[in-house]
Amino acid sequence: MHNLGVLAVEGNDGKPNYTSAALWFGKAAEYGIRDSQYNVAVLLARGLGLPKDLVKSYTWFAIVAAAGDADAAKKRDEVAARLTSSELAAANAAAAAFEPRQMHSAANEGPPPAAHPEAAQATQAQPAKPKVSGL
């Protein structure tokens with residue numbers, strides 16, 4: 001998902017598709033991918049691909065900053081200066097409550113694809129090669 005967001009930002013013929021990037025970075029961010037969380041925060045702060053939303057931008061920057069990212073902490077503080085005290089309280093509460101979605105193991109693990117029958121027969125038909133010692 002993150003990589004699809006990167007491809008969208010790079011765009012075709014140098015024309016970024018921020019709407020697509022925001023979609024894919026947003027999906028990856030929900031799963032706790034920090035680079036995507038940071039990128040969503042930037043897109044939200046600038047209103048690229050999504051409506052400008054400084055509260056949500058702050059929330060994502062705060063989540064990444066809490067994981068130790070100094071750049072995110074700096075951006076979080078820059079956005080905080082533009083929020084009201086009630087907006088800041090809401091954003092901090094949202095950041096504190098964030099729980100990443102759990103990945104389904106089946107999405108990343110599964111049985112290997114079955115070998116093509118002709119390939120399996122060719123492998124079985126070849127005599128075993130002797131091991132070379134000393135390598």
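Author: A crossing of two helices is called right-handed if the near helix is turned clockwise from the far one by less than a right angle. In this predicted model, the crossing of H4 and H6 is right-handed.

Reader: Which residues make the contact of H4 and H6?

Author: H4 contributes Val55, Tyr58, Thr59, Ala62 and Ile63, while H6 contributes Glu87, Leu88, Ala91, Asn92, Ala94 and Ala95. By class, this contact of H4 with H6 has eight nonpolar, two polar and one charged residues.

Reader: Why are H4 and H5 called roughly antiparallel to each other?

Author: The axes of H4 and helix H5 (residues 70–80) come within 8 Å and cross at roughly 150 degrees. Angles over 145 degrees count as roughly antiparallel, and H4 and H5 therefore receive that description. Their crossing is left-handed.

Reader: How do you know that H4 and H5 meet, and through which residues?

Author: Contact requires heavy atoms within 4.5 Å. On the H4 side, Leu54, Ser57, Tyr58, Phe61, Ala62, Val64 and Ala65 meet Ala72, Ala73, Lys75, Arg76, Val79 and Ala80 of H5. The contact of H4 with H5 comprises 10 nonpolar residues, one polar and two charged.

Reader: How many nonpolar, polar and charged residues has the contact of H2 with H3?

Author: From H2 come Tyr18, Ala21, Ala22, Phe25, Gly26, Ala28 and Ala29, and from H3 come Ser36, Gln37, Asn39, Val40 and Leu43. The contact of H2 with H3 has eight nonpolar, four polar and no charged residues. Gly counts as polar, and Gly26 of H2 is part of the contact.

Reader: What lines the largest pocket, and which residues lie nearest its centre?

Author: The largest pocket has a volume of about 260 Å³. Its lining has 16 residues, of which Glu30, Val40, Leu44, Lys56 and Trp60 lie nearest the centre. H2, H3 and H4 each supply at least two residues of this lining, and H2 gives the largest share, five residues.

Reader: How does the lining of the largest pocket divide by class?

Author: The lining of the largest pocket holds 11 nonpolar, two polar and three charged residues. Glu and Lys count as charged, and Glu30 and Lys56 are among the residues nearest the centre of the pocket.

Key
Residues numbered from 1 in each chain as written. Predicted model: local features only at pLDDT ≥ 70, side-chain atom pairs only at ≥ 80, totals over all residues. Heavy atoms only, no water. Helix = DSSP H or I, 4+ residues; strand = E, 2+ residues; numbered from the N terminus. 1 Å grid on protein atoms, 1.4 Å probe; cavity = no way out; pocket = protein on both sides within 12 Å on 5 of 7 lines; lining within 4 Å. Points joined across faces, edges and corners; volume = space filled by probe spheres on them. Axes fitted to C-alpha atoms, helices over the stretch in contact; angles between N-to-C directions. Parallel < 35°, antiparallel > 145°, perpendicular 65-115°, else oblique.
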